[in-house]
Amino acid sequence: MSSEAAAETLLPTDAPVDLPPGQRIRILGYLSVLLLLLGFGAPYLGLIDTPIAFFLKNKLHMHAAQVAQFRLISGLPLYFSFLFGFARDTWNPFGLRDRGYMMIFGALCAAIYVYFAFVPVTEWTLLAAVILATIAFLFAVSAQQGLSSVIGRQNVMSGQVSAVWNVVTSIPGLIAFALGGVLSDALEGRNAESAARTLFLIGAAMMAALALFAIWRPKVVYDNVQDEHKAAFHPWTDVKRLVKHWPIYPALAIWLLWNFAPGSQTPLQYYLQDTLHADDAAFGWFNAIFAGSFIPTFLLYGFLCRKVALRPLLWWGTIVAVPQMVPLAFIHSEQSALIAAVPIGLMGGVSSAAYIDLLIRSCPKGLEGTVLMMSTGLYYIASRPGDILGTWLYEKFGGFTICVIAITVVYALIVPTLLLVPKRLISTPDGVAPPEGGFDRD
């Protein structure tokens, strides 16, 4: 028997099982706690990233291109996220697998935060803090993403996992944006270093809490997860199996296009503040309303995914999402921007949830962490350069309308890409395994 054939026999072949509602709710509750702690502790999201952006703009007086460049460089580990996912899929620390990753690297990330909380705040210390914390954090989050994907596939609840994933991860960002004005004022004044120290210590507390929470092993979660590597690992065989697995390509291409969005970050911030004369608090509220408006359609997706096959949800969600940013072309005041944030958010919820659902269904067995972390890397490979391109367009053409046009064109490219998705993979709703070999057929 070849090593490749031997590796294949190590993977379980049990058919996916639809769990009773009570068990599904408890599993989703457990995943929600993990997602919430990680969301508040992420060095490149929500509570940490937003204040850093304000600090760079207001305290260090960086212009739009410089802030975008800082984000591009600080995101270096994110571009290689798939390596952290592959480590999760091929290395089992202390025999604890996902729990081991969260315990070890949650504690390490907390220690990094504590150290930089007491270092003078400069552009370079902020850059070092974000990069080092991100490296430790990515090991921990790869465990959560791999675990969530395995649960979704093995228990045919990928749609519900996606809905909960999106709702819960929206909360830290929503809170951070809502507090944006307060954070900005604190980081601009004489107490900037004290405010930054508080933020890092909050991040440390979240990651320490994650490490402690991972010690608990609820049976309803882990007894419903099959170990997808029964014996020795075959990394090279896994790499070849991943490369040959066609379903991941359209799923990742769709995810890349959805997150490219040139102009939706730094140019939008400067447009609202410099052109529409909105203050930091207003920009924070815009993003909070935008993020919060996704939640109703995330919840709608969580309801529909048990009743409707993924295919129509993908198509209709995408059709609605293509013109998502068009309302921004018609705003002329701070108030109209805040109003426009509502439909913009609502239009993107179903598509976002459907794309993560598709990613989970597209994973080859045993490589869930690699594919989900690959999607994380693609998010930043798309969004950070997209931010650079959007900033160039904004400064070159002197307005935000060109960014709206660019985003809409990119989103429209998702429609033909949907035709490449294997039909059997999206032919069923949650609770029903796909035909013709289930999720794992190439």
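**Aromatic stops**

Select Phe294 and Phe298: they sit four residues apart in helix 16 (residues 280–304), so about one helical turn separates them. Helices here are DSSP runs of H or I with at least four residues, numbered from the N terminus. This is a predicted model, where local features need pLDDT of at least 70, side-chain atom pairs count only at pLDDT 80 or more, and totals for chains, interfaces and linings use all residues. Residues are numbered from 1 along each chain as its sequence is written, and side-chain values use heavy atoms, without hydrogens and water.

A search of the whole structure finds 20 aromatic pairs. Rings of Phe, Tyr and Trp (its six-membered ring) pair if their centres lie within 6.5 Å; planes under 30 degrees apart are stacked, over 60 edge-to-face, the rest tilted.

Now select Tyr44 and Tyr380. Their pair is edge-to-face, at 5.3 Å centre to centre and 85° between the planes. Tyr44 lies in the loop between helix 2 (21–41) and helix 3 (46–59) and Tyr380 in helix 19 (residues 368–397), so the pair ties together parts 336 residues apart in sequence. Tyr44 has 7% relative accessibility and counts as buried (under 20% relative accessible area; exposed is over 50%, partly exposed in between; 1.4 Å probe, protein chains only). Tyr380, at 3%, is buried too.

Go back to Phe294 and Phe298. Their pair is tilted: 5.6 Å centre to centre, 35° between the planes. Both are buried.

Next, select Phe84, Trp91, Tyr101, Phe105 and Phe139, which form one aromatic cluster.

**Last stop**

Pick Trp246, in the loop between helix 13 (235–243) and helix 14 (248–260). Its relative accessible area is 42%, so Trp246 is partly exposed.

Technical notes: Helices (H or I, at least four residues) and strands (E, at least two) are DSSP runs, numbered from the N terminus.
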